[in-house]
Amino acid sequence: MLNRLRFRSLTAAMVLIVAGLLSGGAAAEWQVNMTRGVTEISNDVFNLHMLIFIICCIIAVLVFGVMFYAMWAHRKSRGAVAETWHENHKLEVVWTIIPLLILLGMAVPATITLAKIYQDDPQADVTVMIEGYQWRWRYTYLEEEANAPVSFFSSLATPREAVANVVDKPEDYLLEVDNPLYLPTDRSIRFLITANDVIHSWWVPAFAVKKDAVPGIVNTANTFILEEGTYRGMCAELCGRDHAFMPIVVEAVSPEAFDNWMNEQREEALALAELTSKDWTLDELTTRGQQVYNSFCVACHQTNGQGIPGVFPALVGSPKVVGLPEDTIEVLVNGVRGSAMQAFGNQLSDVDLASVATYIRNSWSNSTGDIVAPIDVVNYKAGQ
């Protein structure tokens, strides 16, 4: 009797705890299901998930219901006597055919959804080339190549001081970038995904798009965004030391807003091309060069230019930095073979290469006092 009371008290306590968790704000945060996406494919994936989940729940209820009923109705205390037969051909046929029909019922919608995921539409309204670099993404809108190419890098915007716990971490810690990818809603979009150095993986959960970015191989993916908003993702392949610092941010906007943004980017691309012949001052180049340095160089060489001893060399006092301007340009354009120093000749514009070269030659205790002009970079490339 005492044990029965204790069991009832424990059961009542558990019921109260569960009821408390499911009430009010606790239920809102206790989300255990998949998140419904914002694209046609992601909705198909969610619906498939729910279909399979419901089928599994029904099977579990039926199977365990029969088991528990059999144990309750045919227990020894009620005088049940075990049967002596050991086979039933009709029953064996039934429990073979029913699971087969269930599997077919699950396989058909799964195959249809999988076919949609791998479907390629070369005639999409917008085509974006996505290239993975250590540790950033490059986006190029291919249909704009005939006019002014719209291409840019997207890098982590979280301050290194926040990563090192020197300052407070922002709300979107490690999930914010300097240049998000803009895409329109209500238009078909095609991604061409590859990599420049090692294997990456472009993954945005809200789109149900996850494709490996492999050097020398171009993978494709298609999507159709239904809702405007900011959607975040990340590189899902272990691509090196700063793998965790390679986020993805997509701004989905209306078709009209997207067209306006593209026109602005096209004008900026034309203006950047004209800047090559501009007469730059030392202050203008160092200011722009600091921005480029913070996006592309600070991860390895640090904000003070001292690098990481034994891993990445210091720029302060380096012969390649404070020596001839041609030596600095050569390292930036071609990289250093056999080291982690990448070739930025195809990653940065001539203006950005010149500005970051000027910045590192005139920062910290480096004080050459000279200017590396964009035309110097153009002439170096032409002479290679």
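**View 1. T185 is a buried residue, at 3% relative accessibility.** Here, buried means under 20% relative accessible area, exposed means over 50%, and partly exposed lies in between (1.4 Å probe, protein chains only). Before you zoom in, please note that this is a predicted model: local features need pLDDT of at least 70, side-chain atom pairs count only at pLDDT 80 or more, and totals for chains, interfaces and linings use all residues. Residues are numbered from 1 along each chain as its sequence is written, and side-chain values use heavy atoms, with hydrogens and water left out. T185 sits in the loop between β4 (181-184) and β5 (188-195). Strands (E, at least two residues) and helices (H or I, at least four) are DSSP runs, numbered from the N terminus. Setting aside neighbours within four places in sequence, T185 is in contact with I225, E227, E228, A252, V253, S254 and P255, where contact means heavy atoms within 4.5 Å. D186 belongs to the loop between β4 and β5 as well, and it has a positive phi of about 60 degrees although it is not a glycine. With 48% relative accessibility, D186 counts as partly exposed.

**View 2. Five strands form an open sheet in the order β4-β10-β9-β6-β7.** The pairing in this sheet is mixed; two strands pair if DSSP finds at least two bridges between them. As a reminder, strands of a sheet pair through backbone hydrogen bonds, either parallel or antiparallel. The edges are β4 and β7 (209-213), each of which pairs on one side only. From one strand to the next, the twist averages 25 degrees. Axes are lines fitted to C-alpha atoms, for helices over the stretch in contact, and angles run from 0 to 180 degrees between N-to-C directions. β4 and β10 run parallel and are joined by four bridges, and the bridge partner of Y182 in β10 is E251. Strand β9 (residues 229-235) pairs with β10 in the antiparallel sense over six bridges; M234 stands opposite P247 in β10. Helix α6 (residues 255-274) lies across β4 and β10, at about 135 degrees to β4.

**View 3. V250 is buried in strand β10, at 0% relative accessibility.** Strand β10 covers residues 247-253. Six of its seven residues are buried, so β10 is largely enclosed by the rest of the structure. Opposite V250 stands Y231. Not counting residues up to four places away in sequence, V250 touches L181, L183, W202, V204, F207, G229, T230 and Y231. If you like to check distances, V250 and G233 are 17 residues apart in sequence and 8.3 Å apart in space, C-alpha to C-alpha.

**View 4. Helices α3 and α4 cross at roughly 165 degrees.** The axes of α3 (residues 40-73) and α4 (residues 89-117) come within 10 Å. That angle makes α3 roughly antiparallel to α4; angles under 35 degrees count as roughly parallel, over 145 as roughly antiparallel, 65 to 115 as roughly perpendicular and the rest as oblique. The crossing is left-handed: the near helix is turned anticlockwise from the far one by less than a right angle, while clockwise would be right-handed. From α3, I41, D44, V45, L48, L51, I52, I55 and I59 meet I102, M106, P109, A110, T113, K116 and I117 of α4. The residues of this contact divide into twelve nonpolar, one polar and two charged. Ala, Val, Leu, Ile, Met, Phe, Trp, Tyr, Cys and Pro count as nonpolar, Asp, Glu, Lys and Arg as charged, and the others, Gly among them, as polar.

**View 5. A cis peptide bond joins Q134 and W135.** Most residues other than glycine have a negative phi, and most peptide bonds are trans. Strand β2 (residues 136-141) pairs with β3 in the antiparallel sense over five bridges; Y141 has V150 as its bridge partner in β3. Four of the five residues of β3 (residues 150-154) are buried, so this strand is largely enclosed by the rest of the structure.

**View 6. Helix α10 has T328, I329, V331, L332 and V333 buried.** α10 covers residues 325-334, and its buried residues pack against α9 (319-322), α11 (350-361) and α12 (374-383). G335 follows α10, with a positive phi near 75 degrees.
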